[in-house]
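Morning, everyone. I have one structure to show today, and I will keep it brief.

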Amino acid sequence: MGRGGSRAAPAAAAPPWHALPDEVWEHAFSFLPAASDRGAAAGACRSWLRAERRSRRRLSVANCYAASPQDAVERFPAVRAAEVKGKPHFADFGLVPHAWGAAAAPWVAAAADGWPLLEELSFKRMVVTDECLEMIAASFRNFQVLRLVSCEGFSTAGLAAIAAGCRNLRELDLQENEIEDCSIHWLSLFPESFTSLVTLNFSCLEGDVNINVLERLVTRCRNLKTLKLNNSIPLDKLASLLRKAPQIVELGTGKFSADYHPDLFAKLEAAFAGCKSLRRLSGAWDSVPDYLPAFYCVCEGLTSLNLSYATIRGPELIKFISRCKNLQLLWVMDLIEDHGLAAVASSCNKLQELRVFPSDPFDPAGQVSLTERGLVDVSASCPMLESVLYFCRRMTNEALITIAKNRPNFTCFRLCIIEPHTPDYITHQPLDAGFSAIVESCKGLTRFSVSGLLTDRVFKSIGAHADRLEMLSIAFAGNSDLGLHYILSGCKSLKKLEIRDCPFGDKPLLANAAKLETMRSLWMSSCSLTLGACRQLARKMPRLSVEVMNDSERACPLDSLTDESPVDKLYVYRTIAGPRSDTPSCVQIV
Amino acid sequence: MAGLGFEETELRLGLPGGNDAEEATRSSGKRAFEETIDLKLKLEQPACPTENEEDEEAAAADVIPAAANSLSSPAASVATGGGNMKRSPSQSSVVTAELPDPEKPRAPKYVLLHLLCMPLLHRVMLKHAVGWPPVRSFRKNIQSSQKGAGAGAAALVKVSMDGAPYLRKVDLRMYGSYHDLSKALEKMFSSFTIAGSCGSQGMKGMNETKLADLLSGSEYVPTYEDKDGDWMLVGDVPWEMFVESCKRLRLMKGSEAVGLGHSEGDGEMQEQMLRNAYLHASGISCKDTALLFYVS
């Protein structure tokens, strides 16, 4: 880079490029936004390492136990935005013991110490307490963005501290958290002089909020772009809120149901008509389709529609979605059924991401007519479709092969056939051929979840073909150790592997121990592992943390258990921080 | 190769549940369990036997390389299992399919009620594995509250335990009896036994057995708030009635529950103690500092 300069300059000229001062490199690296690029640059030589780490502004810690908070803060002293993730993904489904860990407090404390200029903090699947929120409010004078996703441990008291203390707050984004309601009027604590809010998402809050306070807040925050309400806001109040914030880009309506009144309908229709910038819509809509036409004026502009909590079905739903010709993201319940997806296929040709959730996951009968046909139709007609999450009750190899042929551009393919071990419902064969077709055709696949009746054969395909695969989820599949061996000895880019209820044992784990250090984490539950193998793994691989969890009723000190003892849950992750010290009694580090 | 039990790991492309030798080694205690769960797992063999043979030949070439420090104990290689589905003995991934212990109920009338509850227990027995299908708890909660009250709907109630740092939620319809519920609560709150990240003063020095003692003994009293907003002692009414009327559970510390006692089958509560319970209940889970922020 500097060479052209030194050639053109006179004799006593610029230093050779490799001796340029750090500030030059820091400036250069500021043009590398991607963490992986920065990481690669940092590996080139010591001066680049120094320059890169000192100028890093965004830090993403995908596993809060991979490094200690103090190490992170020390190594990257200039961080302004940090994201930390905690519990393993399967915690979402209740498989991880409740007090497993992932406390945010040590990270907040370290950040308060070493990153006084911190502006953004994001926690996912972590335990965030009110004390954490109070500390955040008190420690960072220019704090702007707080994002909490699937967290727990805090209450509206903590939110009150944020509202009262963060003068420059731009985003308060609470997604799917468990928030204890202390009947605190936290919204009132945003001062009257506070106008900087751009994003306000409190959709997961269960309690009431003061509507008048909310209206005043919305009125004075002229830059508000995202507003996601909770269920306590009635429809007529929604209309008046929208009139105060017509510049809104993303709206979460909260509960959207009321008895039909033509006045209210007219109010809503007028309010929506004023929202010319509205692009993303979500909400927990109950089955009152009478109000759907009030939205018609915004349908054309919508790029994102999340109806995954909406229990609307039938022709009104389809009429509504069919008008959304520019949709890129659609999340729905299976109440849309195959014919609804056929309508989506013909109307929404720009669709990039589709998620179909089960309305009644525990009903064995499955009264909803959503089958493989819906997914086939959408994949055939939506050329930009690249991300799918699909819950259904039946599937065939032929359908999957067709889908694979239609859409080789999938990057994320997650299919969940609700009943474990379900075969191809026509041929009664395992679904190996279908899932193999997906992985062979979609060269760019980075996330994959398999289900249904599967033998080791599908894993052979995955291991051999899924070169870009980073995250793989397996449940009730495979029939021997070879299945796991295929995965661990293949899948060059694998970062996260989560397995439950598969007949995989010790051998493939130990044979591929070195692979585990190239991955972020491995979760195995209800497989055929023994404590002896875990001990061996821990001995062999000191930079891995090997955690075993058993039914808490039977928790006893590891030393007293023999090598043959079965291991119910295993979580292995690479770490430079050594074994953690905050394990509850049901978790033991081998 | 001897002693490695290598042959145990050769690929056998049978479907789960197809190997008799494997079944013989399973402990007989799990029999009843398997009969219910394997109703779903036992599937027909694939249509063409020739397909299997080809695969076995091809598979013979695919073997797992022995690890550098390979397993030498034969017992361990047995545990690795052959080509078949092996149920992890802890069975914790599946909601218990065994009939509840015929534990002595609190009062004779509950024996009769257990019999009446059999259909409900049968439903519990055939429930799906824990965490399957993979629907987030957050979504499950929303959907069940959307469904509202009804025979099939979940009966999710908050459970608080005095001294625990945060609350839990349970679906009362997942259980068939007070005994099942108490076992589940025990399991749930026993994970608060290490101080660590919980930082709750009241729970230091706790362990599982002590907790079990607390729950079943006299130090913690399970109470619940019913539809009318009254705080009641858990166990007085028949289980089904309890599930319908319970809005919230609270494991009250013994010192608060003066006079509640465990009088068998005694449905009466003293007014004094009722009042105490109600007063304390209204202050549940609010921090003292919260009062500083209260704006009316």
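This is a predicted model: local features need pLDDT of at least 70, side-chain atom pairs count only at pLDDT 80 or more; totals for chains, interfaces and linings use all residues.

The UniProt record, an unreviewed entry, places "domain: COI1 F-box" at residues 20-57 of chain A. Over that stretch the chain is 68% helix and 0% strand. The C-alpha atoms at its ends are 21 Å apart.

Now look at helix α3 of chain A, residues 35-42. Which of its residues are buried? They are R38(A), A41(A) and A42(A). These residues cover an arc of only 100° around the axis, so they sit on the same side of α3(A). What do the buried residues of α3(A) pack against? Two helices of chain A: α2, residues 22-29, and α4, residues 46-55. Turn to the face of α3(A) away from the buried side, and you find S36(A) and A40(A), both exposed.

Next, the aromatics. Over all chains, the structure holds 29 aromatic pairs. Take W186(A) and F202(A). Their ring centres are 6.0 Å apart and their planes stand at 80°, so this pair is edge-to-face. It links distant parts of the chain, 16 residues apart. W186(A) is in the loop between β7 and β8 of chain A, and F202(A) is in the loop between β8 and α9. Buried or exposed, these two? Both W186(A) and F202(A) are buried.

A second pair is W523(A) with Y571(A). This one is tilted, with 6.0 Å centre to centre and 55° between the planes. Again, distant parts of the chain are linked: W523(A) is in strand β20, Y571(A) in strand β22, 48 residues apart. W523(A) has 2% relative accessibility, so it counts as buried. Y571(A) is buried too, at 4%.

That pair does not stand alone. Ring pairs join W523(A) and Y571(A) with Y65(A), F90(A), F93(A), W100(A) and Y573(A) into a cluster.

From the cluster, we move to the charges. Stay with W100(A): R580(A) lies over its face, 4.3 Å from the ring centre. The other case brings in chain B. There, R139(B) places its charged end over the ring of F357(A), 3.6 Å from the centre.

That's my tour. Questions, please.

Key
Residues are numbered from 1 along each chain as its sequence is written. Chains are lettered from A and ligands numbered from 1 in the order in which they are written. Side-chain values use heavy atoms; hydrogens and water are left out. Buried means under 20% relative accessible area, exposed over 50%, partly exposed in between (1.4 Å probe, protein chains only). Helices (H or I, at least four residues) and strands (E, at least two) are DSSP runs, numbered from the N terminus. The arc is that of the directions from the helix axis to the C-beta atoms. Contact means heavy atoms within 4.5 Å. UniProt positions are given in the numbering used here, feature names are shortened, and annotations may be inferred rather than shown by experiment. Rings of Phe, Tyr and Trp (its six-membered ring) pair if their centres lie within 6.5 Å; planes under 30 degrees apart count as stacked, over 60 as edge-to-face and the rest as tilted. A charge sits over a ring if NZ of Lys or CZ of Arg is within 6 Å of the ring centre and within 35 degrees of the ring normal.
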